[in-house]
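Welcome, and thanks for taking a look at this one. Please open the structure below and keep it beside you as you read the notes that follow.

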Amino acid sequence: MSKDTQASQASEETLANPPKSQWLFHLEALQSTPSTGSLEKQLYDRARGVEFLYRLGSSLQLPAPAMFTAATWFHRFYMRYSMDDYHRQDVAASCIFLATKTEECGRKLRDVARVCQSKVSGKDVGEIPDNSKEVENCQTAILLTEEVLLEALCFDFVVESPHAELVDLFNSYDPDILTQEYAWTIAHDSYRTPLCLLYPPRIIAAACFILAQRVVDGPNSPSLDLRISSTPPSASLPTPPSNKPPSPDRSRFALEYFAFNEEELASLADTLRILIEFYSVQDKTMHPHLSTIATISAPTITPPRANLYGSFSRLSGTTPAESSRLDIGLGRTPNSSHGGQTPEVNGNSQTPNGKPVDSSS
């Protein structure tokens, strides 16, 4: 066999079986991080850290992709270093500062430190003097943590996001505006979970889209199990007389678009389950609209396991009012053309950011 033929075969095998990223881990790996706290507590602190990161990035008016990159680095960092040794706010600030450089949206270190100190102290950023000792200390902490962050990342700054996959999906399918809004914002919220460490962006994007479809279609629409089954459900299945179900092609478009194999379908099922688990532990008194997502039945095609998440309000030991002020739970997601906060279910034909739904779509 010639060298050219061998090289051609090797290239084809690589395309058919792309190498697994060093940044994708099995779910069990979350139990073996350097941090000493329980997994439940670690996931809670990861969510708090990303919430702080989002607030910091939003105040600095960073583009959403920069914040998603920073959030991914935040999760990667804690696979190699302990939360006991590096505080989530220092790591979040360092991830943001590094992202302003790699994503070409530069911000001065002092500005990042002032905004960071503003969030920590609860003061308006205008009340934080440039030359205060607190700002100087914050700058030092950001730079020292950045050195460790670079080592943890192995100077690998490339990050792919599910949002790019969603854009391609939207362009291919052109779903209604409300479904796009939900999918986009659920993708934002996915960074509050460790999903970026567990599954590739196309799996996460599909899960966000399918969950968004299920929310918009309502409780009498096909279940998540039917939407992600390897074979389409029988056309003879009974349907509620008062609801016209979406066509099988519509509810299964994401599966057909990505052409998942059986292993990927199992990953998709667990991604959906993790998202639903995350939403289910949020404080419903502060975010009542999340009840609709939290009550959706997770897929059952994968073996049962213990829930990853515990109640955030129980872990924080704070009241709902305090939680809304601190970096706890589900707050503001980065603004984008597809919406800001986690969308609410309403009957007034509006998208989550208040824009009227285009009924012609």
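A residue is called buried here when its relative accessible area is under 20%, exposed when that area is over 50%, and partly exposed in between. Please bear in mind that this is a predicted model. With that said, here is a short tour by topic.

**Aromatic pairs**

- The model holds 18 aromatic pairs.
- One of them joins F77 and Y78 in an edge-to-face arrangement, with 5.2 Å from centre to centre and 90 degrees between the planes.
- F77 and Y78 are both buried.
- How are the rings of F258 and F260 arranged? Their planes lie at 15 degrees and their centres are 5.3 Å apart, so this pair is stacked; planes count as stacked when they are under 30 degrees apart.
- F258 has a relative accessibility of 6% and therefore counts as buried, and F260 is buried too, at 12% relative accessible area.
- F258 and F260 also belong to one aromatic cluster, whose members include F170, Y173, W184, F209, F253 and Y257.

**The nonpolar core**

- As a general point, nonpolar side chains in soluble globular proteins tend to be buried together.
- In this model, the largest nonpolar core has 95 residues.
- Which members touch the most others in that core? They are L53, L166, L211 and L268.
- Helix 10, covering residues 201-217, gives the most to this core, contributing 11 residues.
- Leaving aside residues up to four places away in sequence, L166 touches A183, W184, A187, A205 and F209.
- Two of these contacts of L166, W184 and F209, are also members of the aromatic cluster.

**Helix 2**

- Helix 2 runs over residues 39-59 and has 21 residues.
- From its first C-alpha to its last, helix 2 reaches 30 Å, close to the 30 Å expected at 1.5 Å a residue.
- Is helix 2 largely enclosed or largely open? Of its 21 residues, 16 are buried, so helix 2 is largely enclosed by the rest of the structure.
- Just after helix 2, Q61 has a positive phi of about 60 degrees.

**Cysteines**

- How many disulfides are there in the model? The count comes to 0.
- C105 has a relative accessibility of 9%, so this cysteine counts as buried.
- C154, in turn, is partly exposed, because its relative accessible area is 43%.

Notes: Residues are numbered from 1 along each chain as its sequence is written. This is a predicted model: local features need pLDDT of at least 70, side-chain atom pairs count only at pLDDT 80 or more; totals for chains, interfaces and linings use all residues. Side-chain values use heavy atoms; hydrogens and water are left out. A disulfide is a pair of cysteine sulfur atoms within 2.5 Å. Buried means under 20% relative accessible area, exposed over 50%, partly exposed in between (1.4 Å probe, protein chains only). Rings of Phe, Tyr and Trp (its six-membered ring) pair if their centres lie within 6.5 Å; planes under 30 degrees apart count as stacked, over 60 as edge-to-face and the rest as tilted. A nonpolar core is a set of buried Ala, Val, Leu, Ile, Met, Phe, Trp, Tyr and Cys residues joined through side-chain atoms within 4.5 Å. Helices (H or I, at least four residues) and strands (E, at least two) are DSSP runs, numbered from the N terminus. Contact means heavy atoms within 4.5 Å. The expected span of a helix is 1.5 Å times one less than its number of residues.
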